[in-house]
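Subject: Structure handover

Hello,

Here is the structure for you to look over. My notes follow below it.

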Amino acid sequence: MFRPLPSDTARGGEAPRVEFPGVNLLKTLAVLAVVYSHISFYLIDDLGTGWWGIDLVYDVLVDGAKLNQHLSFLGVAAFMMLTGMLITRSAIRQDARPFLIARGARLLPGFWVAILAAIVLVRLGINGMFSGQTGITNGEAVLSFFLGGFFLKPEVAVLGVTWTLAVQVTFYLYCVLARPLLRAAPIAMPTLGAAVCMLVIFYNLYVPQPYAVPFLSKIAATLPCVFLGQIIYLGWARLTGARGLILAMLAQVMVVWIATDYQVYWAGSRYLWTIVVVTATVVLLARYDGRIARSRIVYWTATRSFAIYLLHTLVLYRVYENTVGHLGRTGAVLAFVVVCALVSEALYRCVEVPAGRWITDRWIRRVPAADGVSATPAHSESHA
């Protein structure tokens, strides 16, 4: 069944609660798409082999539905959209301090442990870098704990998937800076954000190379997905009218079109259609409250989605290459899934949950929000 829209009409800072019972299902689909994407890249592009599962996905979703090859960006776009949809209410209601602490409690403990694991694996010669370097210096390692390696030229990536956290952090900081605007005229935030994204892309295209920051274009090309999630929330919360929604959505489409036309994206030219499909899927499933959305496997995968996202590339390549000779391709993929599930469970139970609770207990719950609304528990929100 689908839950009805809220019956009240809200204004500005009221930020009504909108129930999204289908979020766990969307997180599950998103993390499966991300994991599949890296399996496909590895088997097809790196090893030059294949797998029947990749053939099936290609026939149905790539060749059939015209999505990006390897389903590139599909899962990332979904996670980004969920970020905008789930975080906007907190951004309106909470002051900057509890808002940012809650985001940090959700992201930093697991992120720092994953970065440390990635550095150790590189230093031991077990894993390689996710950028062109053969190793990582002490200075680059320190920068990696703060996403600084992505801003170097050339980029230094010890754990490639963490680039999306830079997009989230940018959105969180923008929410803090734009909070008065978000409370007074909510739809202006994603519309203005789209304009800034376009300026960033044009800046990197036309300024002299020494002054360009290429990674900023990647952030700017991804933020429209976050803003689309924000627009979805604002529409369902009735914080804006139809004209504002249409204008804000068209602004995001323009950014994606410009980023595609100027080859800011990195895996093909089907990004706009991929984002359209993700947006439609989020709208259709976010309020879905059926049996599948409430299943135990969906709940487990969704609550561990951040851990899976962080760790899957750290174990994929070594597990596959050490098992494919004994188990075959399907067996090696299944072995990877099992190992990934085990290490993700460990990260979730031993790091994410206890560290997140410790941070929120120590730094948020002692300090009530200015509007009298208690802070949202860190683990109720999407990582991405």
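Helices here are DSSP runs of H or I with at least four residues, strands are runs of E with at least two, and both are numbered from the N terminus.

Before the details, some ground rules. This is a predicted model, in which local features need pLDDT of at least 70 and side-chain atom pairs count only at pLDDT 80 or more, while totals for chains, interfaces and linings use all residues. Residues are numbered from 1 along each chain as its sequence is written, and side-chain values use heavy atoms, with hydrogens and water left out.

Overall shape

Along the principal axes, the C-alpha atoms fill a box of roughly 60 × 45 × 45 Å.

Of the 384 residues, 54% are buried. Buried means under 20% relative accessible area, exposed over 50%, and partly exposed in between (1.4 Å probe, protein chains only). Take the contacts with a separation of 6 or more: 78% of them join residues 24 or more positions apart. A contact means heavy atoms within 4.5 Å.

Cysteines

How many disulfides does the structure hold? There are 0. The criterion is a pair of cysteine sulfur atoms within 2.5 Å. Cys197 is in no disulfide, and its nearest cysteine sulfur, in Cys225, is 10 Å away. Seen from Cys225, the closest cysteine sulfur is that of Cys197, and 10 Å is too far for a bond. Cys197 counts as buried because its relative accessibility is 4%. Cys225 is buried as well, with a relative accessible area of 0%.

One site in α13

Thr323 sits in helix α13, which covers residues 305-363. Is Thr323 buried or exposed? It is buried, at 17% relative accessible area. Leaving aside residues up to four places away in sequence, Thr323 touches Gly328, Ala332 and Ala335. Leu334 is 11 residues from Thr323 along the chain, and their C-alpha atoms are separated by 9.8 Å.

Best wishes
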